[in-house]
Amino acid sequence: MPQDWSVKWRDFAEQDQQAGDLAGELADCPPERFTEPIDTLAVAAAAALATEAVPRVLENDWSLYTPQQAAVVTATLFSQLTASARALEALTGTLDRMAQRRDLEPQVTGSPQKDSGTAAHTRLRAAATEIRELLDRHAGSCISAVDDIPSTLVLPADEHHLLEAVTPLLGESAALRAGECDAALGICRCHVEFTCASESWELVRIDEMWEIVRLDGAELGPDGGLTHSSLDRPSWVCLGVQEAAAHPRQLAETALREAAAATAVIPPQHD
Ligand SMILES: [Zn+2]
């Protein structure tokens with residue numbers, strides 16, 4: 001009896017809005033919504049495109065934080081193979097129905113009554129069988145081996161703890177500046193001031209994204225935010241890090257890299 005590898009990741013997919021949005025329409029694949037060849041081809045192509053994206057996102061330095069997250073991804077990969085084996089076998093039924101409709105040349109497929117013996121059927125079933133044998137040999141042991149790797153990582157509990165953890169990683173001159181902060185209410189308006197290439201920046205969380213804001217040339221606006229009179233250099237950079245409790249080294253490395261890149265921007269020449 002093949003194991004259902006999806007158990008390991010399905011909870012995550014249901015909890016995570018992004019995964020839910022990406023997969024929601026296809027997750028249950030109600031047959032009444034996908035009834036025509038163009039639907040079938042679109043679903044199959046979408047699945048292939050989504051699968052191709054996985055190795056690309058894994059190449060990112062910070063794609064995953066822990067072996068346990070890696071085990072979830074491992075389970076998704078074996079679930080994809082499980083689904084591929086089922087789809088290869090389902091294609092034999094699809095060909096049967098074409099033959100029953102007498103839409104196939106008998107010399108190509110053989111007698112409609114003996115479709116299971118055709119070369120296409122045999123090859124599809126052989127491929128599905130090999131995938132299942134591969135799953136039996138490797139899936140369970142692979143997922144367990146990855147899942148069992150102990151992680152020493154302790155992520156910060158919230159954004160304030162992340163700011164505390166990231167401050168020493170932003171250089172000797174970095175300093176945590178306290179603002180309105182109440183962990184019970186989920187409020188933290190603290191920020192970290194740091195220096196990169198002789199320019200001063202602050203690391204702050206705005207609209208649920210981590211950003212760096214240039215302090216040189218900045219003035220306090222009427223709403224308490226910083227405004228910049230000179231626009232010849234980026235006054236702020238969104239770091240593309242969303243998690244309130246991201247990996248401190250990820251946040252520090254990204255902040256320093258983006259600050260250096262923003263400093264290196266050559267101002268436009270004004271005649
Ligand atoms: Zn705080």
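Which residue stands opposite Cys238 in β9? I looked it up, and Glu211 is the one facing Cys238.

**Ground rules.** I am working on a predicted model, where local features need pLDDT of at least 70, side-chain atom pairs count only at pLDDT 80 or more, and totals for chains, interfaces and linings use all residues. Residues are numbered from 1 along each chain as its sequence is written. pLDDT is the predictor's confidence in each residue, from 0 to 100.

**Confidence.** I checked this before anything else. The chain averages a pLDDT of 86, and 84% of the residues score at least 70. Confidence is lowest in helix α5 (residues 106-109), with a mean of 60, and highest in β1, at 97.

**Overall make-up.** I find 8 helices and 9 strands in the chain. Helices (H or I, at least four residues) and strands (E, at least two) are DSSP runs, numbered from the N terminus. Of the 271 residues, 18% count as buried. For my own reference, a residue is buried if 20 or more other C-beta atoms lie within 10 Å of its own, exposed if 12 or fewer, and partly exposed in between, with C-beta atoms placed from the backbone. Among contacts between residues at least 6 apart in sequence, 55% join residues at least 24 apart. A contact here is two C-beta atoms, placed from the backbone, within 7 Å.

**Back to β6.** Strand β6 is mostly covered, with 5 of its 6 residues buried. It pairs with β9 (residues 236-238) in the antiparallel sense over 3 bridges. Two strands pair if DSSP finds at least two bridges between them. β5 and β6 also run antiparallel, joined by 6 bridges. Across that pairing, Trp201 stands opposite Arg214 in β6.

**The β5-β6 hairpin.** There are 2 residues between the strands, and Asp207 takes a positive phi near 50 degrees. Glu208 sits in the loop between β5 and β6, and its phi is near 65 degrees, again positive in a residue other than glycine. Glu208 is exposed because it has 9 other C-beta atoms within 10 Å. I flagged these since most residues other than glycine have a negative phi.

Ala197 lies between β4 and β5. This residue has a positive phi of about 50 degrees although it is not a glycine. It counts as exposed, because there are 11 C-beta neighbours inside 10 Å.

**The main core.** The largest nonpolar core has 19 residues, and those with the most contacts inside it are Val166, Trp201, Leu203, Ile212, Leu251 and Ala255. By nonpolar core I mean a set of buried Ala, Val, Leu, Ile, Met, Phe, Trp, Tyr and Cys residues joined through C-beta atoms within 7 Å. At least two residues each come from α7 (159-166), β4 (191-196), β5 (199-206), β6 (209-214) and α8 (248-264). α8 gives the most, with 4 residues. Apart from this core lies another, of 8 residues, among them Trp9, Ala71, Ala139 and Ile143.

**Trp201 and Leu215.** Leaving aside neighbours within four places in sequence, I listed Phe194, Cys196, Ile212, Val213, Arg214, Leu215 and Ala259 as contacts of Trp201. Leu215 itself is in the loop between β6 and β7 (218-220). It is partly exposed because 16 other C-beta atoms lie within 10 Å.

**α7.** Buried or exposed: which are Glu159, His160, Leu162, Leu163 and Val166? They are buried. Seen down the axis of α7, the buried residues fall within an arc of 160 degrees (taken from the directions from the helix axis to the C-beta atoms), so they line one face of the helix. What covers them includes β1 (175-177), β2 (181-182), β3 (187-188), β4, β5 and α8.

**α3, for contrast.** Helix α3 (residues 37-58) is hardly covered, and the count of buried residues among its 22 residues is 0. From first C-alpha to last, α3 reaches 32 Å, close to the 32 Å expected at 1.5 Å a residue. That expected span is 1.5 Å times one less than the number of residues.
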